Amino acid sequence: MSYPPPRYHGQDGEISAAYRPASAPPDFVSRPVATDGPSVAQGTAYHYLSTTVSTGGEYGLYRVDMGPESAGPSTHFHKAMSESFFILSGTMRLFDGRRWIDATSGDYLYVPVGGLHAFRNESGEPASMLMLFAPGAPREDYFEGVTELGGLSQEEREEFFRRHDSFFV
């Protein structure tokens, strides 16, 4: 296997790196809906580290901080992109298409295009992970739009998932 062909053709390099400190606030926070009185749930915070726009479509990298409440999508696959999960802290349940795994800090799961997968925080404690999509896709619209699904018709929900390359089984 060889390196891909060059895409930068300059001779001296360029100043183009982007830095984001860990202290930067999340770009988007989705909060669960309270069912009995005020919610004490922390919600899910999405940190848009590298978006498809900022990487020219190469990949998307997101830090996902989940609160202690049980949350996460059911089994699904993507037709256009791979997805990877790297657990930073806490315990995240990852489904690799065959079995559920209690993944902890340092654990990693790669899901190729078409691979069945799911993830959930069922630990009752906060958990944090990195999610990488390759090639990049406009996942920000997905993360922000998924909170509005309750107000959509079944047909509108199906179209939302199709548009965002998410096929649930």
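I began at strand β6 (91–95), where Phe-95 stands opposite Ala-118 in β9. Strands here are DSSP runs (E, at least two residues), and helices are runs of H or I with at least four, numbered from the N terminus.

A note on the source: this is a predicted model, where local features need pLDDT of at least 70, side-chain atom pairs count only at pLDDT 80 or more, and totals for chains, interfaces and linings use all residues. Residues are numbered from 1 along each chain as its sequence is written, and side-chain values use heavy atoms, leaving out hydrogens and water.

**Partners of β6.** I found 3 bridges joining β6 to β9 (residues 118–120), and the two run antiparallel. Pairing takes at least two DSSP bridges between strands. Thr-91 has Thr-104 as its bridge partner in β7. In the β6–β7 hairpin, with 4 residues between the strands, I noted that Gly-97 takes a positive phi near 95 degrees.

**The core.** Next I looked up the largest nonpolar core, which has 26 residues; Met-92 and Phe-119 are among those with the most contacts inside it. Such a core joins buried Ala, Val, Leu, Ile, Met, Phe, Trp, Tyr and Cys residues through side-chain atoms within 4.5 Å, buried being under 20% relative accessible area, exposed over 50% and partly exposed in between (1.4 Å probe, protein chains only). Its largest share, 4 residues, comes from β10.
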